[in-house]
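User: I'd like to learn how to read helix packing in a model. Could you walk me through it?

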Amino acid sequence: MLRKLIALILYVIRELQDGGVPRTKLMKTLFLVDYRASKVIGRPITGVRWFKYLYGPFSKKLLDVLDILEEEQALEMREVESRHRRIYMAYRIAPRAEELLEKLIEEELDDQELRIINEVIEELRDLDVDEVKNKVYQLPEVKEADIGEPIVLPIHIPKEVVEEL
């Protein structure tokens, strides 16, 4: 599951990478990927548990993996300026991680998962951090969760699974 999470992180950063992806936007994008996947295929993709904190959905495991990717020099941090002139520290994929990413995508992410990921990326691509946060904060599951508690994702059981039962 760790390889899938790494593949997902690197893929999302690469696809959103216009100068770099702020940590907050990355965290919220990955949450929205899991949210959408839960609704569409009946399960999240990241394999992490999401908790509600003061700044919305958060995963300590995800943060740990980001730190490891930085230590292993698969990710680089740099300052970027938003269109509202705010400065953020943002992730970029290091050149040495590109080859690894292609292999991980092929081995870890199936077509259905990639379709969901790409849909979320397209919805968020042109949004700044605050716009992405607002989108996440409006979700009923996020609003209803208490600070420090897990966020319960909306699980949909696909029709083909129900028919097999």
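User: What covers the buried residues of helix 4?

Analyst: This is a predicted model, where local features need pLDDT of at least 70, side-chain atom pairs count only at pLDDT 80 or more, and totals for chains, interfaces and linings use all residues. Residues are numbered from 1 along each chain as its sequence is written, and side-chain values use heavy atoms, leaving out hydrogens and water. The cover of helix 4 includes helix 1, strand 5 (87-93) and helix 5. Helices (H or I, at least four residues) and strands (E, at least two) are DSSP runs numbered from the N terminus.

User: Which residues of helix 4 are buried, and why are they on the same side?

Analyst: An α-helix has 3.6 residues a turn, so residues three or four places apart point the same way. In helix 4 (residues 98-108), the buried ones are Leu101, Leu104 and Ile105; buried means under 20% relative accessible area, exposed over 50%, partly exposed in between (1.4 Å probe, protein chains only). They sit on the same side because they cover an arc of only 100° around the axis, taken from the directions from the helix axis to the C-beta atoms. Exposed Glu99 and Glu106 are on the face turned away from that buried side.

User: How do helix 1 and helix 5 pack?

Analyst: Two packed helices are described by the angle between their axes and the distance between the axes. Here helix 1 (residues 2-16) and helix 5 (residues 111-124) pack at about 35°, axes 11 Å apart. Axes are lines fitted to C-alpha atoms, for helices over the stretch in contact, with angles from 0 to 180 degrees between N-to-C directions. The contact (heavy atoms within 4.5 Å) is made by residues including Leu8 and Tyr11 of helix 1 and Ile117 and Ile121 of helix 5.
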